[in-house]
Amino acid sequence: MLLPDNVHPELTLYYNGAVLLGELKKCKRQSIIDLYQNVKLKNNMSFSTFILCLDWLYLIDSVKVIERGDVEICLLKD
């Protein structure tokens, strides 16, 4: 999918999803609140964008939500 010229990459779900995955690569499992705080400090992401990115990453099987509310990355094969 091609993006229009007037869209700033830092506002897209692709970019912000990659930021979330990068943060989860550092620590494979984080609580949703801790993950949001870490991402917000570095990227100033809004909470609604954060939730949309989590939904998208969940739908494409990149992350999973553990029963107690932690988010875990699914892509790493160690």
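Residues are classed by relative accessible area, with buried meaning under 20%, exposed over 50% and partly exposed in between (1.4 Å probe, protein chains only). The structure is a predicted model, in which local features need pLDDT of at least 70 and side-chain atom pairs count only at pLDDT 80 or more, while totals for chains, interfaces and linings use all residues. Residues are numbered from 1 along each chain as its sequence is written, and side-chain values use heavy atoms, with hydrogens and water left out.

Charged side chains are considered at the outset. Side chains of opposite charge can pair when their charged atoms come close. With a salt bridge defined as a side-chain nitrogen of Lys or Arg within 4 Å of a carboxyl oxygen of Asp or Glu, a search of the whole structure returns five salt bridges. Secondary-structure elements are DSSP runs numbered from the N terminus, helices being H or I with at least four residues and strands being E with at least two. In helix 1 (residues 13-26), Glu23 and Lys26 lie three residues apart, about one turn of the helix, and their side chains meet in a salt bridge with an N to O distance of 3.7 Å. The two partners fall into separate accessibility classes, since Glu23 has a relative accessibility of 8% and counts as buried, whereas Lys26, at 61%, counts as exposed.

A further salt bridge joins Glu72 and Arg29, with N and O 2.7 Å apart. Glu72 belongs to strand 3 (residues 70-73) and Arg29 to strand 1 (residues 29-31), so that the pair ties together parts 43 residues apart in sequence. Glu72 is buried at a relative accessible area of 13%, while Arg29, at 41%, is partly exposed. Glu72 also forms a salt bridge with Lys64, for which the closest N and O atoms are 3.3 Å apart; Lys64 is partly exposed, its relative accessibility being 37%. Salt bridges with shared partners also join Glu23, Lys26 and Lys42 into one network.

Cysteine pairing was examined with a distance criterion. A disulfide is a covalent bond between the sulfur atoms of two cysteines. When the criterion is a pair of cysteine sulfur atoms within 2.5 Å, the count comes to zero disulfides. Cys27 is partly exposed, with a relative accessible area of 37%, and Cys74 likewise counts as partly exposed, at 32% relative accessibility.

Aromatic contacts complete the description. Rings of Phe, Tyr and Trp (its six-membered ring) are paired if their centres lie within 6.5 Å, with planes under 30 degrees apart counted as stacked, over 60 as edge-to-face and the rest as tilted. Four aromatic pairs are present in the structure. In one of them, the ring centres of Tyr14 and Trp56 are 5.4 Å apart and the planes stand at 85°, so the pair is edge-to-face. This pair links distant parts of the chain, as Tyr14 lies in helix 1 and Trp56 in helix 3 (residues 47-59), 42 residues apart. Tyr14 is partly exposed at 45% relative accessibility, and Trp56 is partly exposed at 26%. For Tyr36 and Phe47, the centres are 5.1 Å apart and the planes are at 90°, so this pair is edge-to-face. Tyr36 lies in helix 2 (residues 32-43) and Phe47 in helix 3, eleven residues apart. Tyr36 is buried, with a relative accessible area of 15%, whereas Phe47 is partly exposed at 42%. Tyr36 and Phe47 form one aromatic cluster together with Phe50.
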